[in-house]
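Dear colleague,

Please find below the structure I promised to pass on, together with its sequence.

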Amino acid sequence: MVACSKETAGITEEGNPVADNTQYKYDLWNGANGSARVNMGDGVTGYWYVESSPVLGRSSITFPVSVEEDDSPDAMESVVSYCGGVCGTVELGEGSDVSAGVGIALVEKDTAIDVSGWDGLCVSYESELSMKGLLGYKDGDAEASAEDMPSVNFEKTTKGSVAARCAKWAEFQNGSSAEVAKKVTSLIFKFMGKSKESGFFNIKGVSSYKHGIVKIDSLEQDSCLWNAAPKDDGDSLITGYDGLEGGSWYEFNDQEEGGLSSLEWDVLPSKYMSVSVWVADVVKSKGGLSATVNLQKNNNEEAFAGIGLQIIGYDEESEDFYPKPRDVSAWGGLCVTYMSEMDARLVLVADSAHEASATLPMSTSPIEKCLTWEEMSAQEVAKNASLIEFELRSLVDTTAGLSVIAVGKYSPTGTCKIDVSKVTLFPVNE
């Protein structure tokens with residue numbers, strides 16, 4: 001799916017080696033530089049450390065090189081230099097609540113820092129296990145328990161691929177993250193899964209949400225869910241969410257409610273046995289899922305019709321795809337590229353009684369729009385999402401063009417890149 005484009009991701013400090021990397025741009029820490037020291041801003045420095053397990057021996061992390069056993073700020077330097085990040089293999093122990101992790105602590109002990117101005121956190125990483133980001137802080141004289149720390153989930157990635165994920169403070173769960181962000185003592189990354197599960201991880205870079213991350217292609221591919229007009233010559237139909245899971249496109253209208261609305265396609269779906277083959281031909285012809293939407297309300301007060309994407313799963317035993325609602329909170333929101341001859345609605349649906357939406361402004365040329373779940377009031381719906389819909393509505397009978405070009409997970413710096421020359425514009429009305 002699509003993207004928002006930004007040629008520059010925020011402001012980098014001149015002479016700051018953490019920020020001035022030619023491939024990745026972070027304002028806090030870049031593993032490619034080989035240093036375990038972290039720029040926390042305002043002259044404050046942090047460093048990477050290994051988070052101890054609540055129960056000794058329950059879970060562990062094996063690093064590819066030896067780690068200094070002292071608590072010095074440079075203890076993880078050998079790992080960062082070897083991995084181009086902080087990497088290792090997590091071995092989860094037995095029990096119902098198993099985890100292991102790494103973190104960034106402030107060099108000055110018993111101090112806290114106000115990071116509320118970051119607006120949130122961005123991380124680029126790969127992980128075969130689910131990862132949780134937590135804000136460590138002091139509750140009185142003692143460190144707050146993990147259960148009380150504001151946290152946000154980062155999905156596991158496909159093996160060998162790197163993801164760039166961002167979350168605003170408001171998207172962190174547990175307590176008031178905006179207030180806690182004013183007194184942070186550490187940033188913690190916990191790896192979680194089933195008992196005795198194991199998996200590799202590599203945290204490559206960390207930025208404030210305000211700065212974001214300038215991504216290279218490998219980062220873009222993981223966040224780009226579907227792109228009908230990619231800039232490269234790769235597969236234009238990237239519909240995978242996690243391995244074999246993905247989504248299935250469909251059209252919808254108001255006819256079951258008594259309306260007469262419909263979608264008119266140049267490539268007729270009725271001639272195809274497979275939806276995926278039909279979608280591929282439409283995309284090849286138009287550079288997007290492009291249709292003429294005929295809105296006819298009949299005796300209804302309002303007419304509606306549109307294009308939707310159903311989130312599906314895959315059963316390996318039966319080799320069948322099936323509808324599978326899932327928690328997409330970690331996406332942070334959506335970035336979409338589209339064209340529409342009238343204002344459209346971007347709708348996230350959990351079920352018939354729970355949905356959230358936002359307006360997509362009219363545009364007769366490709367335009368990108370990025371919206372967080374917070375901006376869509378979709379935080380709860382995102383926990384059990386089943387459909388993503390692009391809908392046109394009208395109080396009067398009318399006709400308008402609609403084209404969905406790309407969709408991706410939210411990022412302040414964008415996800416997919418499109419080739420505008422591949423997109424067929426709407427015909428100009430004389």
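Predicted model: local features only at pLDDT ≥ 70, side-chain atom pairs only at ≥ 80, totals over all residues.

Cys122 has a relative accessibility of 0% and therefore counts as buried, the cut-off for that class being under 20%. A disulfide joins Cys122 to Cys166, with an S to S distance of 2.1 Å. The torsion about this S-S bond is 115 degrees, and the link of Cys122 and Cys166 is right-handed. The pair links distant parts of the chain: Cys122 lies in strand β7 (residues 120–127) and Cys166 in strand β11 (residues 163–168), 44 residues apart.

This bond is one of three disulfides that a search of the whole structure finds.

Another joins Cys335 to Cys370, with an S to S distance of 2.1 Å. Distant parts of the chain are again linked by the pair, with Cys335 in strand β20 (residues 333–340) and Cys370 in strand β23 (residues 363–372), 35 residues apart. Because the torsion about the S-S bond of Cys335 and Cys370 is about 115 degrees, the disulfide is right-handed. As to burial, Cys335 has a relative accessible area of 0% and is buried. For Cys370 the relative accessible area is 19%, and this residue is buried too, since the class requires a value under 20%.

The remaining disulfide to report joins Cys83 to Cys87, with an S to S distance of 1.9 Å. What is the handedness of the disulfide of Cys83 and Cys87? The torsion about the S-S bond is about -50 degrees, so the disulfide is left-handed. Both Cys83 and Cys87 are buried.

Is Ser290 buried or exposed? Ser290 has a relative accessible area of 10% and is therefore buried. Leaving aside residues up to four places away in sequence, Ser290 touches Trp265, Val282, Leu402, Ser403 and Phe426. Ile307 lies 17 residues from Ser290 along the chain, and the C-alpha atoms of Ser290 and Ile307 are separated by 9.3 Å.

With kind regards

Terms used:
Residues numbered from 1 in each chain as written. Heavy atoms only, no water. Buried < 20%, exposed > 50% of the residue type's maximum accessible area, 1.4 Å probe, protein only. Contact = heavy atoms within 4.5 Å. Disulfide = S-S within 2.5 Å. Helix = DSSP H or I, 4+ residues; strand = E, 2+ residues; numbered from the N terminus.
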